[in-house]
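Here's a walk through a structure, going from overall shape down to single residues. Have the viewer open and follow along.

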There are 2 protein chains.
Amino acid sequence: MDGISERKKNILRIVVDEYIQSALPVSSKAITQKHLKDVSSATVRSELSALEEMGYLIQFHTSGGRIPSPEAYKLYIDELMERSALTPEQVRYVKDTFDTRVSRAESIVKSVADVISELTDYTSVALSDPSAEKVKNVGLFPCGKTALLLLVTDLRILKDSFIPLPEGMPEEELARISTILQSVFGGRRMDRVREAEAEAMQAFTAYKETCREVLDALFAYTSRKDVVLSGGNKSIRRAEYRDVEKVEEFLSLVESKERIGELLAQEESEIQIRVQIGGEGVPSDCSVVTASYSAGGRQLGTYGVVGPVRMDYAKVVSVLESVGEILEKVIKNG
Amino acid sequence: MDGISERKKNILRIVVDEYIQSALPVSSKAITQKHLKDVSSATVRSELSALEEMGYLIQFHTSGGRIPSPEAYKLYIDELMERSALTPEQVRYVKDTFDTRVSRAESIVKSVADVISELTDYTSVALSDPSAEKVKNVGLFPCGKTALLLLVTDLRILKDSFIPLPEGMPEEELARISTILQSVFGGRRMDRVREAEAEAMQAFTAYKETCREVLDALFAYTSRKDVVLSGGNKSIRRAEYRDVEKVEEFLSLVESKERIGELLAQEESEIQIRVQIGGEGVPSDCSVVTASYSAGGRQLGTYGVVGPVRMDYAKVVSVLESVGEILEKVIKNG
DNA sequence: GTTGGCACTCTTTTCCTTTAAGTGCTAAAA
DNA sequence: TTTTAGCACTTAAAGGAAAAGAGTGCCAAC
């Protein structure tokens, strides 16, 4: 026995569903009229007051209906809510996005964040930590008096910066350096790139200074964790943010890449869903649902949805799970 | 004679300044107390009502002070406001940003937009039209089973996409194609790239199919106008957008790249400032200040600031002009 | 255990009054 | 002719009481 009857659970689910949808406190009458037509409002009322007693519901004033507590949301997420699969069109949309984005060499992390925001209608955030990626190709692309340093990892995240070249450096030299870079660093995990510094420097025979610069730029990539945001102003349209102060609070969270980074930087199992409602670095009226994606033992980034506590968790969790599965497949086949 | 006395102009300037700062209707009393201590409020009052008669001021109700009309803003921008130069720190900030961004190969258009938004504290938009840019370097970068098509223009806008390669294609072939691409297209204006299609196809001797794909991807770049946004949620914090509907209106403008593109896609002289207040594709409560930058006869993009009608035009115009000058210098020396 | 009924509580709405701000006008002063 | 002081007038904003509305809690009956 869980201490909480099936009927109570059902009623709690109704309350949460209803409140998520309407943003209004839920009354016993509304429940009996819309969902539980076979019992009277008085019955529901007694159940509601029991649920309040147990800490699942909150009542601001005696005539104001009830809203779910954070505990209710947790229970809702764990047991009550009904997940829904993506529609075939949505699945197609996700795959198409990945395909076209990847061929246009856009960061896959950004693409995933965009897709999540698009499907959930909430602000999404993502943390791309390059440590676990593998260097696929690295080299210099000639560009007049400068060269473009390129690094392509197996996640297809592409980074680049211009390196000034000394006067009169022959073009073959660039190719030589590229070959060395590729043979020394190719296939390495990003967090192991630095270890090959000595080896690389030894292989460089001329233009050591330029090579030094190249290495420095390259090393800078390997540790650059990137926080990506998508759909930033979707949240502003939500009911809880009619209040300017709340918007401020939300924006200050979302705009601070450090704080978002901290929220995301954790865990790393399979598609792992984690929900933080208020507290611990999250403003009281915000909720963060994060998911860590990985495939073949490699992290594919941590993604999250940020929004008000009254969030459509069923939708968000469904989307996060589905997108994760699709991404895994895409990565494995790519 | 302009039909409008110096004193009227002065008073109008005070009203606009005051209203821009406070967002509150300006009263005759406030004017005499803060600025015109040598005349009485009654005098100012008669001037104000004359200015209202002339269409420069608007009064919502008889006891509510007055606010500037769009015509007043126009006059203010043309004659009344005092421009201010950037502080030395700001100038340094702009230059530094350009320097580091360019060496990190970020789009200069995005950098300019960021700088403008940062300095003005408004949402900024930019339209990068590649037509007038010149191809600096173009080529393929080997990347396993695919190749990365890279295009660097003199504005350092870098575009790239992955091209799948046929099985067993030798690496030298990539270099060959790159050389051809560079010699055929290098130095061309972007809008002239297409014209060399036949010449390029003729030069390709093998792997014609892949070459075709490369050309298609390349041509796609040449026409891709890009709308860039920066500081999107700065505007939401402004006084006029306490109202959710207004925010909606603003966001729907800002989020629609087409509409922004239309607003920006015009003119092309020197640093050309243009102001649109309401009307013609701009929501009634929005104002757009655009500036077209060019150096040495070449367009460097069109930039704009989007915000409420009550905008700090003096600041915005000053920033747009100053940033334009700095950008010109940077481009000429680069 | 469930239900109908009803009193009770608290918010929301409405309407009215008061207050405050600012103007418009006029007659006098400069 | 322009400026000023004074005062009546207008209107929004602020305050407050009363009425309405929504929901609950509880009790007695089923």
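We'll start with the ground rules, then take the fold, the pairing of the chains and a few residues.

This is a predicted model, where local features need pLDDT of at least 70, side-chain atom pairs count only at pLDDT 80 or more, and totals for chains, interfaces and linings use all residues. Residues are numbered from 1 along each chain as its sequence is written, chains are lettered from A and ligands numbered from 1 in the order in which they are written, and side-chain values use heavy atoms, with hydrogens and water left out.

Chain A has 12 helices and 10 strands; these are DSSP runs numbered from the N terminus, with helices being H or I of at least four residues and strands E of at least two. Its radius of gyration is 25 Å, well over the 20 Å that the globule rule gives for 334 residues, so chain A is more spread out than a compact globule. Even so, 52% of the 334 residues in chain A are buried. Here buried means under 20% relative accessible area, exposed over 50%, and partly exposed in between, with a 1.4 Å probe and protein chains only.

How does chain B relate to chain A? A rotation of 179° with 0.0 Å of shift along its axis superposes chain B on chain A, at an RMSD of 0.2 Å. That is the relation of a two-fold axis.

Now zoom in on M169(B), in the loop between strand 6 (158–164) and helix 7 (171–185) of chain B. M169(B) is buried, at 14% relative accessible area. Leaving aside neighbours within four places in sequence, M169(B) touches I177(B) and Y207(B).

Finally, look at A23(A), which has a positive phi of about 65° although it is not a glycine. A23(A) sits in the loop between helix 1 (6–22) and helix 2 (28–34) of chain A and is partly exposed at 23% relative accessibility. Over in chain B, A23(B) also has a positive phi of about 65°, and A23(B) is partly exposed at 22%.

Key:
The radius of gyration is taken over C-alpha atoms; the globule rule is 2.2 Å times the number of residues to the power 0.38. Copies are superposed by least squares on the C-alpha atoms of residues with pLDDT of at least 70 in both. Contact means heavy atoms within 4.5 Å.
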